[in-house]
Amino acid sequence: MSAYAVPPTEVAARLDRLPVSRWHLKVTALIGIATFFDIYELLMSGVLGSVLSEEWDLGRTAKALLIGAPYYGMVLGAIGLGAIADRYGRRRMLMVNLAGYALLSLAAAFATDVSTLIVLRMAAGIFMGAELPLVDTYMSELMPRASRGRLTAIAYTIGFCGAPVTGLLGGLLVAKTHVLIDGWRWLLIFGAAGALTTWILRLGLPESPRWLAAQGRHAEAESITRDIEQTVQRQHGKPLPEPEADAPRGPQRPVALRDMFRGTLRNRTIMLWIFHPLQTLGYYGFASLVPLILVSKGFSVTESLWYTTLVYLGYPAGSALSLLVVERFERKYLIITTLATATLLGFVFGTATTPWLIATSGVGISLVNNVFSNSYHVYQAELFPTSIRSRAIGIPYSLSRVTSALLPFGALALLDNFGALGIFTGSGIAMAVVCITVATLGPKTTGRSLENVEDTTDTPVPAPVKA
């Protein structure tokens, strides 16, 4: 049978058997570059909080609101825009998200008071809220099953380069005045300009054929899948392997959102609803509060931002490290192991007083955190059927944004009263609960086709034979 004569209902099998080509890497790079600016925007909250607390003489409440502002909006975005992505398409929302937060970030650069800045950062957060869950969904649906973990990790490795850039630019632009406008305003302009440029580059991305097939739009799914096959075959230089005879052929049955709480999907839903609000305490809590924790240890604002840059180097490094393990080991166990390791390093960072130990443990946390992050981003996109995937991920992800929004209030109080150790003690308890939850409720997923999502056995499907 010709590789191009497969019926449109076999989209899943046809995409899963493709060898990785320049086309896959191009899509991965375009997703990764946009993720760079999304992560840059998120981590900028801590930088703005530390810089403007002095420049605008912010009290604890105003500082907490400024740091948490994007997360308030992300609660709405993760739910609302995730639902729209399931209804109107992955590509469309990828474009809307990027344009929305880029334009609002540009507007925030010209805010004249903290209230206006908080409102604009909150509005930008609405569009940022759906970005990372949608990245997980889109990558999982387009990439071959044997490589989707590694390719998603590559996209996030590009994205997490935004972490040290945030700290670096914060350190360079922390002075009160620079060219024409305040330095912190250039931080926002840089992010907005980069995101708008990436929006233009993203215009060539295709819609997800899996999503089109799930919507019954088989002619469009067939056309895009055929175009992808032809491009990959031309780049690969060899005939494509046939789809596996026993591979899934597409959506197994219509699935409604209420099915998240039924049958084989119930435990996965419960797991994510516990996982997301608690893991945020360890991951984003550390990332957002590093500059403030360092200031509490006696460093100046400028010194803390340079140390933050060093600590943030662990984010792309850890993401790159995940490329070696995300397909080699079961992702469920990677999540548990890396989370436990980061928690132990957190206690070291919290009690450290010497610069070398602060820097070493901080880099270690960010490095291990990003092996954890890439593992769970791949993992959560493997848990639910195509028709509800974006919402099933987005709803619990929105709970993590609630935690992120409230985190500065509790964390700053802990920091003021108990120091960094108080923050990491509270975080450690939460991480223990997360590890137990994933261990008991999470299925094994590595190497399986997405369409086997309702199969709860632990026998992995063999990886497709490479041509």
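## Overall picture

Of the 467 residues in this protein, 61% count as buried (under 20% relative accessible area, with exposed meaning over 50% and partly exposed in between, using a 1.4 Å probe and protein chains only). This is a predicted model, where local features need pLDDT of at least 70, side-chain atom pairs count only at pLDDT 80 or more, and totals for chains, interfaces and linings use all residues. Residues are numbered from 1 along each chain as its sequence is written, and side-chain values use heavy atoms, with hydrogens and water left out.

The protein has 17 helices and 0 strands (DSSP runs numbered from the N terminus: H or I of at least four residues for helices, E of at least two for strands). Take the contacts (heavy atoms within 4.5 Å) between residues at least 6 apart in sequence: 84% of them join residues at least 24 apart.

## The nonpolar core

The largest nonpolar core holds 107 residues; such a core is a set of buried Ala, Val, Leu, Ile, Met, Phe, Trp, Tyr and Cys residues joined through side-chain atoms within 4.5 Å. Val-27, Ile-31, Leu-117, Ile-228 and Phe-275 touch the most other members. Helix 2 supplies the largest share of this core, at 16 residues.

As for Ile-228, its contacts are Leu-15, Leu-18, Trp-23, Leu-142 and Pro-209, once residues up to four places away in sequence are set aside.

## Helix 2 and its partners

Two packed helices are described by the angle between their axes and the distance between the axes. For helix 2 (residues 22-55) and helix 5 (residues 114-129), that's an angle of about 160° with the axes 11 Å apart. Axes here are lines fitted to C-alpha atoms, for helices over the stretch in contact, and angles run from 0 to 180 degrees between N-to-C directions. The pair is therefore roughly antiparallel (over 145 degrees; under 35 is roughly parallel, 65 to 115 roughly perpendicular and the rest oblique).

On the helix 2 side, the contact uses Asp-38, Glu-41, Leu-42, Met-44, Ser-45, Leu-48 and Leu-52, and these meet Leu-117, Arg-121 and Met-128 of helix 5. That splits into 6 nonpolar, 1 polar and 3 charged residues (Ala, Val, Leu, Ile, Met, Phe, Trp, Tyr, Cys and Pro are nonpolar, Asp, Glu, Lys and Arg charged, and the others, Gly among them, polar).

Ile-39 also sits in helix 2, and is buried at a relative accessible area of 3%. Beyond residues up to four places away in sequence, Ile-39 touches Gly-159, Phe-160 and Ala-163. Ile-39 and Gly-162 are 123 residues apart in sequence, yet 6.0 Å apart in space, C-alpha to C-alpha.

Helix 7 (residues 148-160) packs on helix 16 (residues 355-380) at about 130°, axes 9 Å apart, so the two are oblique to each other. Gly-149, Thr-152, Ala-153, Tyr-156, Thr-157 and Phe-160 of helix 7 meet Asn-370, Ser-373, Asn-374, His-377 and Val-378 of helix 16. This contact comes out as 4 nonpolar, 7 polar and no charged residues.

Helix 3 (residues 60-88) and helix 4 (residues 90-108) cross at roughly 145°, and their axes come within 7 Å. Their contact divides into 5 nonpolar, 1 polar and 3 charged residues.

## Ser-398 in helix 17

Ser-398 lies in helix 17 (residues 389-441) and counts as buried, at 2% relative accessibility. Leaving aside neighbours within four places in sequence, Ser-398 is in contact with Val-75, Ala-78 and Ile-79.
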